[in-house]
Amino acid sequence: MVTDIGLIAVLLAFASGIYAIAASVHGARARREDWVTSARNAALIIAPLLTLSALTIIYSNLTGNYRLEYTAHVSSSATPTVLKITALWGGQNGSLLFWSWLMSIFVTGVMLRKWDNNRDLMPYVIAVTEVIQVFFLALVVLFANPFAKLWQTPTGEIGGAVFGASTLFTTLSSIGFGGIAQTLFAPPGSIPFTPADGQGLAPLLRHPGMVAHPPFLYLGFVGFTIPYAFAMAALLTGKTNDAWIRTTRRWTLMAWLFLGIGLLLGMRWAYDVLGWGGYWGWDAVENAALMPWISGTAFLHSVMIQEKRGMLKVWNMFLIILTFAQVILGTFITRTGVISSVHSFARSSIGVPFLAFTGLMLVGSVWLLLTRLDDLKSENKLDSLLSREAAFVAQNALFLIINLAVAIGTYFPIFSELIVNNKITVGAPYYDHVVGPLLAPLILLMGVAPLVSWRAASPQALGRTALTIPGPVTVVALVILFAVGIRNPWALLGMALIVYAGTVTVVEYARGVRARHRSPGEGWPMALWNLIGRNRRRYGGYLVHTGIVLMGVGVIGTHLYQQETQQALSIGQTLAIGNYQVTFRRLELVPSGQSDKKIISARVEVSEGGKPLMTLRPFQEQYTNGERMTPPALMGSMKEDLYVLLGGWEADGSLATFKVFINPLVNWLWLGGIVFILGTLVAAWPNVAEERRAWSVERRAMAPAAVRTR
Amino acid sequence: MQEADRKARVAGGRVQRIAWGVVVLVGALASLLAANIVAAQGGTVTDDQVNAVAKGLNCPVCENVPLDVCETQACVQWRDLIRQKLAAGETPEQVIAYFRATYGDRVLQSPPNTGFAALVWVLPFAGLIAGVVILVVVLRRMTARPAGVEVMTEVPPSADEYRQRLERELERLGK
C-alpha cells in the first residue's frame with residue numbers, strides 16, 4: 001500500500017530528528033564541526049521525507065482508500081477533488097502531520113541560509129528545532145497516526161491501528177500505555193475492515209476560507225519556532241547579544257504575518273459561512289490563535305529596543321518563550337477543542353503528551369533564562385520617561401495585560417469546572433467589557449509612540465509634531481461625528497483615537513515625502529517610493545498601523561452600530577431595517593452538483609426608500625447527514641453591508657423567515673486587513689545594504705553614547 | 001388688591017392646569033401599561049424580542065454559541081420556550097433567571113458576578129493593577145536618574161539618526 005511508504009518515511013524522519021539532536025549537541029560540546037554538519041544533514045532530510053508521507057495521505061484521499069482510518073474520516077466519494085487534497089489538514093491526525101511537514105520546511109530554510117553570523121548558535125538551533133520536530137513526529141507516530149488502518153475486533157467494534165492485531169496491544173495496555181497501544185495495535189483477533197464509503201469533511205469546513213485558514217495559521221505557529229530556537233540557542237551558548245534577534249527578525253515578522261493572515265481568513269470565514277452576522281465570536285479556538293499573535297506583537301516591538309539600545313534583554317527572552325508556549329497551546333486547542341470541557345481533554349489521545357511537553361518546555365526555557373540573567377544585563381539606562389523606549393515598555397505592558405485578559409476568559413471555565421465543579425461560559429460580553437477599554441490606550445500609544453524620539457524627547461518638540469496637525473484634525477472629526485448624530489461615548493472616543501493615530505501616520509508619510517521631494521528634486525511618486533524603500537521597517541510599520549486604524553473603524557462600526565431583525569414574510573411581504581426594505585419574492589430549489597447536499601434559495605428584493613437596489617439570494621445548504629449551513633447574501637459598500645440570511649420556511653414555500661443585519665463600516669475591517677498584510681510585507685522585504693549597516697555600524701555608533709550616559 | 005386677586009386667579013389656573021396634566025399623564029401611562037399587558041398576553045411576541053433575550057444565553061448543546069444565532073434543534077426549542085414565556089407575560093430577566101435555575105450558570109453568555117465565577121471579572125482588573133504597578137517599578141528601576149528629577153532640562157542628542165536628519169532637512173527647507 002502506498003501509505004505504508006508514507007509511514008516508513010515518517011518513521012525515518014522521526015529517527016533522523018532524534019539523530020540530529022544527539023549529533024548537534026555532541027558536535028557543539030566536543031567542538032566537532034563534522035558532527036554538526038552531520039546533524040544539519042539529518043535535519044535537512046526530514047523535509048523531503050515528510051513531503052513524501054504527506055503526498056501519500058493526499059494520494060490515499062484522492063483514490064478513496066477507505067481502509068485508511070484517516071481517509072475514511074475526512075474523504076468520501078462525494079467530496080470534490082480539491083477538498084480531497086486539502087483534507088490533509090481537515091482532521092486532527094493529518095493536520096499534525098501537516099504541522100510537522102511545514103515545520104520541516106521552515107527548518108530547511110534556516111539550515112540553508114548563511115551561517116556566517118551565527119556559527120556558534122547553529123548547533124543548538126538544530127538541537128532545539130529538532131526537539132520540537134521530534135515531539136510533533138512522536139505525536140504523529142504514537143498518538144495520532146494518520147497512517148492507521150481500520151480493523152474490526154471479534155466483538156464487532158471498528159477502530160484504527162497502524163500494525164493490526166497483536167498481543168502487544170494487551171501487553172502495552174496492561175502496563176499503562178493504553179493510548180500508544182491503541183494507536184499502534186488492534187486487539188488480538190481483529191480482522192481488516194474497509195467501509196464502503198468515507199464520511200467526508202464536515203460541511204462547515206468545505207468553504208475556501210476554511211481550506212486556506214489552517215495552513216496560514218500553522219505557518220504562523222510554526223514560524224515562531226525559529227526565533228524561539230535561536231533565543232534558546234543564545235541562552236545555551238551564552239552568546240546573548242542581539243545576534244539571535246537580528247537573524248530571526250524577518251522570520252518572526254513572517255510568522256507574525258502568517259498568523260495574522262490566518263486570523264483574518266478565519267474572521268472572513270466566520271462572516272461568510274457561520275451566518276450569525278459577525279466575524280469574531282471570542283471562541284476558545286479563536287482566542288488560542290489570537291494570544292500568540294498578541295504576545296508576538298509585543299515581542300516585535302520590544303526587540304527594537306534591544307537592537308537600538310541593548311535594553312530589555314530578559315524581557316525579550318520572556319516574550320518569545322511566552323509566545324512559543326502559547327503557540328504550542330494554540331496548536332493543541334485549535335486541534336482538539338479541549339477547552340470546551342475537561343472531559344473532552346480526558347478523551348483526547350494527545351492531551352496528556354501536549355500538556356507535558358508544554359510544561360517541560362516552559363520549565364526548561366525559564367530555568368535556562370534564570371541561569372543566564374547575569375549575561376542579560378541591560379547595557380543602558382532609560383534616559384527619560386518621555387522616550388521611545390518608555391513608550392515601548394508601556395505598550396508592551398498593555399499588550400501583556402490584554403493577553404492576560406484573553407487568557408483568563410479562555411481558560412477560566414476549565415478552572416471553574418475543576419475547582420468548584422461549576423461549568424460556566426465566558427462569552428462576548430466579558431471581552432467587550434474587559435478587552436474593549438484596554439484598546440483605547442493602546443491605539444493612543446500607537447499614534448504617539450512613533451513621534452517620540454529615542455533616549456529622551458523634548459515635550460515642546462513632541463507637542464509640536466503630535467498636536468499641530470493631528471490635534472485639529474481630530475477635533476474637526478469629532479465635531480463632524482457629533483453633527484451627524486453620533487452620541488455613543490465609546491464610539492466618539494474610539495473614533496477620536498483612530499482619527500488621531502491615522503492622522504499621525506499620514507503626516508509622518510507626508511513630511512517624509514515632502515522632504516525627499518524638495519531636497520534631491522525627486523518627483524512625488526518617486527519620493528514616496530524612495531522614502532519607503534530607504535527605510536522599509538519604519539514605513540512598513542506605519543503602513544501596518546494604518547491597517548490597524550482602518551480595522552478599528554470597522555470594529556467600532558459593527559460593534560456599536562450593528563442593527564438586526566428577524567421576521568417571517570409571506571410572498572410579497574416586506575420587512576424594514578434601517579433605510580432598507582427587503583421583500584420576499586419566492587423560494588426555489590437550486591441544483592447543488594453534489595449528491596450529499598441540496599440548496600434551498602430565496603429570492604428577495606432590496607430597495608431603499610422605495611427605490612429598488614438589487615435582488616439577493618440568501619440560501620441554505622442541507623446535507624444528508626443532517627447538517628445545515630446558512631451563508632448570508634450580501635449587499636456591500638464602504639458604508640455598510642446588508643447581510644441577509646434565510647432562516648426557515650414553510651414546506652409550500654409561501655412563508656420564509658429572514659434574519660437581516662446591517663453591519664456598518666464592516667468593509668473597512670477587510671480593507672485594513674489588506675493594508676496590514678502589505679505593510680508587513682514592506683517591513684519584511686529584504687534590504688541587504690540596510691542589514692549590513694545594521695550588523696556593524698549602528699551598534700558601534702550607539703556604544704559611545706551609551707557610555708556617556710552613565 | 002386687584003393685583004393680588006389677579007395673581008391668586010392666575011395661580012389657581014396654574015394649579016388646575018397641572019392637575020389636569022397629571023390626570024392625562026397617569027391615564028396615558030395606565031393605558032400604555034394596559035396595552036403592553038394585552039400585547040404580551042395576546043402572544044404577539046416578535047422574533048426580535050425573542051432574540052434579544054436569547055442573546056444573553058448559550059446554546060445548550062454546543063460550546064460558547066449564543067442562543068440567538070444557533071441553528072440546532074435544541075436551540076429552536078429553547079427559543080420557542082422563550083417566546084411562550086414572554087407571551088405569558090414574563091420579563092426578559094425572569095426568563096433568563098428561569099434558564100439559569102434550570103440548567104446552571106453555563107447557559108449565561110456573561111458569567112455571573114457571584115461566587116467563584118465572579119473571579120473572572122476580578123482577575124483582569126487585578127492583572128491590570130498589578131501590571132501598572134510593575135510597569136511603574138520597572139520604569140523607575142530602568143531610569144538612569146532617580147525618578148522625579150527633571151531630566152528635561154538638557155536634551156541629549158536624539159539617537160534616532162533618521163528622524164534627526166528628517167527634522168534638519170525640514171527645517172532647512174522651511175526657511
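This briefing walks through a two-chain model, topic by topic. The model is predicted, so local features need pLDDT of at least 70 and side-chain atom pairs count only at pLDDT 80 or more, while totals for chains, interfaces and linings use all residues. Residues are numbered from 1 along each chain as its sequence is written, and chains are lettered from A, with ligands numbered from 1, in the order in which they are written. The model scores ipTM 0.81 and pTM 0.86.

**Chain B at a glance**

- Chain B has 6 helices and 0 strands; helices (H or I, at least four residues) and strands (E, at least two) are DSSP runs, numbered from the N terminus.
- Read from the N terminus on, the elements of chain B go α-α-α-α-α-α.
- Of the 175 residues in chain B, 20% are buried. A residue is buried if 20 or more other C-beta atoms lie within 10 Å of its own, exposed if 12 or fewer, and partly exposed in between, with C-beta atoms placed from the backbone.
- Among contacts in chain B with a separation of 6 or more, 47% join residues 24 or more positions apart. Two residues are in contact if their C-beta atoms, placed from the backbone, lie within 7 Å.
- The domain assignment of chain B gives domain 1 (1–42), domain 2 (47–110) and domain 3 (111–141); such bounds come from an automatic or database domain assignment.
- Domain 2 of chain B and domain 3 of chain B have C-alpha centres 32 Å apart.

**Confidence in chain B**

- The average pLDDT of chain B is 74, and 57% of the residues score at least 70; pLDDT is the predictor's confidence in each residue, from 0 to 100.
- Over residues 32–42 of chain B, pLDDT stays under 50, and the model has 6 contacts beyond four places in sequence for them.
- Residues 146–159 of chain B also have pLDDT under 50, with 22 contacts beyond four places in sequence.

**A closer look at B:Pro66**

- B:Pro66 sits in the loop between helix H2 (47–54) and helix H3 (73–87) of chain B.
- B:Pro66 counts as buried because it has 22 C-beta neighbours inside 10 Å.
- Leaving out residues up to four places away in sequence, B:Pro66 touches A:Gly427, B:Lys55, B:Asn58 and B:Gln109.
- B:Pro66 and B:Gln109 are 43 residues apart in sequence, yet 6.8 Å apart in space, C-alpha to C-alpha.

**Where the chains meet**

- The contact takes 54 residues from chain A and 43 residues from chain B.
- On the side of chain A that touches chain B, H16(A) gives the largest share, 14 residues.
- That side of chain A divides into 28 nonpolar, 17 polar and 9 charged residues. Here Ala, Val, Leu, Ile, Met, Phe, Trp, Tyr, Cys and Pro count as nonpolar, Asp, Glu, Lys and Arg as charged, and the others, Gly among them, as polar.

**Inside chain A**

- Helix H2 (residues 33–62) and helix H5 (residues 92–112) of chain A pack at an angle of about 145°, with their axes 9 Å apart. Axes are lines fitted to C-alpha atoms, for helices over the stretch in contact, and angles run from 0 to 180 degrees between N-to-C directions.
- The contact of H2(A) with H5(A) has 13 nonpolar, 6 polar and 1 charged residues.
- The C-alpha centres of domain 2 of chain A and domain 4 of chain A lie 38 Å apart.
- In the contact between these domains, 5 residues of domain 2 of chain A meet 10 residues of domain 4 of chain A.
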